[in-house]
Amino acid sequence: MSNLTFGIIKPDAVRKGVQGAIIQRILDDGFKIRGLKLIHQTRKHAEGFYEVHKERPFFGDLTEFMSSGPCVVMVLEKENAVPAWRTLMGATNPEEADEGTLRREFASSIGENAVHGSDSEENAAIEIAYFFSKLELV
Ligand code: ADP
Ligand code: MG
């Protein structure tokens, strides 16, 4: 799985209508898209996804936000996909994100920050399996 990672175009970015622009940036950066679909998560499904953050003060806001509208879930392929995708996303807080990153360009705030990316190969495999069946991966 080392060449795969998992990404989400979060509800804020879909609401703004920038999902196409973000996908184009992903392709321009040399990623192959191995899986892609539009979903609208329930609160419970989002809580399961962010289980590791359940003790954090922002957990309620985060899971409410992630279930507030449609998002695009993606499986991305590239050499060293996990760090490559996090580099393209930029820092969690858009004010700290480098110029040229997706969060710098598209995020509204530290909470509503346009995109998600797995933080390790192990978590990428878990997150891919949380959203995609084998049949949905090409
Ligand atoms: P990342 O998405 O960069 O891996 P984290 O895993 O630390 O960041 O946090 C998961 C998500 O929780 C962030 O993308 C963001 O939507 C939200 N979040 C993180 N920190 C905060 C915070 N201090 N206040 C509000 N929301 C936050
Ligand atoms: Mg994270």
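How many nonpolar, polar and charged residues does the lining of the largest pocket have? The legends below answer this and related points. This is a predicted model, in which local features need pLDDT of at least 70, side-chain atom pairs count only at pLDDT 80 or more, and totals for chains, interfaces and linings use all residues. Residues are numbered from 1 along each chain as its sequence is written, chains are lettered from A and ligands numbered from 1 in the order in which they are written, and side-chain values use heavy atoms, with hydrogens and water left out.

**View 1. The largest pocket and its lining.** About 760 Å³ of space lies in this pocket. Its lining has 28 residues, and Y50, H53, F58, L62 and H116 are the closest to its centre. By class, the lining has 10 nonpolar, nine polar and nine charged residues. A pocket is an open set of points on a 1 Å grid over the protein atoms alone, where a 1.4 Å probe fits, with protein on both sides within 12 Å along at least five of seven lines; lining residues have an atom within 4 Å of a point. The volume is the space filled by probe spheres set on the points.

**View 2. Elements that supply the lining.** Helix 7 (121-131) is among the elements that each give at least two lining residues, as are helix 3 (43-49), helix 4 (59-66), helix 5 (81-89) and strand 4 (115-117). The largest share, four residues, comes from helix 7. Helices (H or I, at least four residues) and strands (E, at least two) are DSSP runs, numbered from the N terminus.

**View 3. Ligand 1 in the largest pocket.** Ligand 1 sits in the largest pocket, meaning that more than half of its atoms lie within 2 Å of the grid points. Residues around ligand 1 include Y50, H53, F58, L62 and R86; a residue is near if one of its heavy atoms lies within 4 Å.

View 4. A polar contact is a pair of N or O atoms within 3.5 Å. Oxygen atoms of ligand 1 lie 2.9 Å from a side-chain N or O atom of K10 and 2.8 Å from a backbone N or O atom of G111.

How values were computed:
A polar contact is a pair of N or O atoms within 3.5 Å; within protein, one must be able to donate a hydrogen and the other to accept it, and residues adjacent in sequence count only if both atoms are side-chain atoms. Ala, Val, Leu, Ile, Met, Phe, Trp, Tyr, Cys and Pro count as nonpolar, Asp, Glu, Lys and Arg as charged, and the others, Gly among them, as polar.
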